[in-house]
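This report looks at how the side chains of one protein chain pack and pair. Please keep the structure open while reading.

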Amino acid sequence: GKAALCTRPLSCTRCAAAESYVLQLFFAVMAARLARNLSRKRKLKSEEDEEDIKPKLLFPVEWPGRNSDSSRPHVVAVHWFRRGLRLHDNPALAEAASSAQHLVPLFVVDSKFAQPDVMGVNRYSFLLQCLADLDSSLRARGSQLFVVHGKPQEQVVSVLKRFNATLLTFERDTGPYSRCRDQAVTERVQGLRGVSVSTHCSHTLHDIPAYVSASKEQGLPQTYQAFLKLFHSMPKPRQPVSSPGVLPPPPRGAPRDGEWGIPTLVEMGYTEMPTTSYLGGETAAIDRLHREVLSRPSWVASFAKPATPPNSLDPSTTVLSPYLTMGCLSAATLYYALDGIYAASRSHTTPPVSLHGQLLWREFFYLCSATTPNFDRMAGNPCCRNIPWGRDPSMVLAWKCGRTGYPFIDAIMTQLRQEGWIHHLARHAVACFLTRGDLWQSWEEGARVFELYLLDGDWALNNANWQWLSCSRFFYQYFRCYSPVAFGKSTDPDGAYI
């Protein structure tokens, strides 16, 4: 700096000494990098055969990087992972990685959710697998995941202080708890001198404020068709960001292996073992995307959700929803993967029944949930019908445990508890049965059970679907009920599913 800014003659010895020191430091850093790269090349060479069989990401272009660490404005940046548990299409992580010399990838085990009666064992096991896969991917790029426990507004600030970080990045979220949490963290961080906060939208195709702004003239859409008009009036969603090649290393003094690590189920208070066969993580998500979508263009082009059987022994849909919920797969990546298939097809299905249509249902429900007070309850929800539901805990328990006496309904609830996933139409059947169809119990009770067991238990989508199926909002043809007998028989006449 002195050599660049000094106005003295070129013969100034102080500047010459400063320049000499900078050059020595530069060559020392380059030598260390060369040694590290040679070590990495040897490691990659031994893994070539294995790499050849791994699924490739859709967008192989690397993140834009800097030529030297000295050009990065931050010495240490912290990227706070929450639901965007992936490296591909993670613009908040991309900013942190390209802006700092050292990176601290952080996950906070939030005490609000880390409870067996809030998140069932299958769902929490899936989360821990997502974290383990993320840590493995980070380590392959010269970094690692640091896990701390407690309240985010306390732990995030503590980590920033410990490493003297000057940048915090994270993905924006839309739920009421998430917004309050993020606001509390941001306010505390802004109280730290010299620390900036940067957030990005990548969990949805468009940011919620963008939808609100675009709908000012017509008003917020209250139906799916109105939402489709709004969506198609807006620019196309942003293109996904690719995965990084190499990440900045952790700062000096970072915890060693074994410290700040991923907890086990036992450490989190779970006494049961998981029974789901679905593996969590970005690697599994990308593999499923290739296997269920990219390798089946004709199936994708003709996909119609209502035509898929709810009780097939092998899933009749993509089962990508758990990975979208946890952010192991980005919505934009899936959107453009489908877009490419549709562009190459002579004809294809369209929303609401197409796979694009399923993504747009997700966007619609996110918008509704973010703009409706008390969205997860009947009381105080201005858009939800007030219905005098019954209150019989024994009925709810029998339904939850698969002991209603209706084989089709009980089989679905058994699959939910054992696998953590059930077909969308199977969800329709058991939700209708609990509410307006048979037991006349509140949809809020059903939503809590689904949130406990579903791997794709998403606050916005779960509560929206329960309001729909109970005819409390969105859909009001209460006389159209799913038969707990005939509906299952229509696609499973021999009872193989049961």
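Predicted model: local features only at pLDDT ≥ 70, side-chain atom pairs only at ≥ 80, totals over all residues.

In soluble globular proteins, nonpolar side chains tend to be buried together. The largest nonpolar core here has 78 residues, and the members that touch the most others are Leu 85, Phe 107, Tyr 124, Tyr 323 and Leu 329. Helix α14 (residues 355-371) gives the most to this core, namely 10 residues. A second, separate core has 29 residues, among them Phe 408, Ile 409, Ala 431 and Ala 447.

Leu 85 has contacts beyond its neighbours within four places in sequence, including Phe 107, Leu 127, Leu 131, Met 326 and Cys 328.

## Helix α4

Helix α4 (residues 91-99) has nine residues, and eight of them are buried. Among the buried ones are Pro 91, Leu 93 and Ser 99. The buried residues of α4 pack against β1, β2 (100-110), β4 and β5 (196-200).

## Aromatic rings

The whole structure holds 31 aromatic pairs. In one of them, the ring centres of Trp 80 and Phe 170 are 5.3 Å apart and the planes stand at 70 degrees, so the pair is edge-to-face. Trp 80 belongs to strand β1 (residues 74-81) and Phe 170 to strand β4 (residues 167-171), so the pair ties together parts that are 90 residues apart in sequence. Both Trp 80 and Phe 170 are buried.

Trp 80 also has a charge over its ring: the charged end of Arg 82 sits there, 4.5 Å from the centre. Arg 296 likewise lies over the face of Trp 299, at 3.8 Å from the ring centre. One aromatic cluster includes Tyr 211, Phe 231, Trp 361 and Trp 468.

## Salt bridges

The count of salt bridges is 17. Arg 82 forms one with Asp 182, at 2.7 Å from N to O. Arg 82 is in the loop between β1 and α4 and Asp 182 in helix α7 (residues 176-190), so the pair ties together parts that are 100 residues apart in sequence. Arg 82 and Asp 182 are both buried.

Asp 89 bridges to Arg 238, with the closest N and O atoms 2.6 Å apart.

Asp 287 and Arg 291 form a salt bridge with closest N and O atoms 2.4 Å apart. Both lie in helix α10, four residues apart, about one turn of the helix. Asp 287, Arg 288, Arg 291, Glu 292 and Arg 296 are linked in a network of salt bridges.

How values were computed. Residues numbered from 1 in each chain as written. Heavy atoms only, no water. Core = buried A, V, L, I, M, F, W, Y, C linked by side-chain atoms within 4.5 Å. Buried < 20%, exposed > 50% of the residue type's maximum accessible area, 1.4 Å probe, protein only. Helix = DSSP H or I, 4+ residues; strand = E, 2+ residues; numbered from the N terminus. Contact = heavy atoms within 4.5 Å. Phe/Tyr/Trp six-rings, centres within 6.5 Å; stacked < 30°, edge-to-face > 60°. Lys NZ or Arg CZ within 6 Å of the ring centre and 35° of its normal. Salt bridge = Lys/Arg side-chain N within 4 Å of Asp/Glu carboxyl O.
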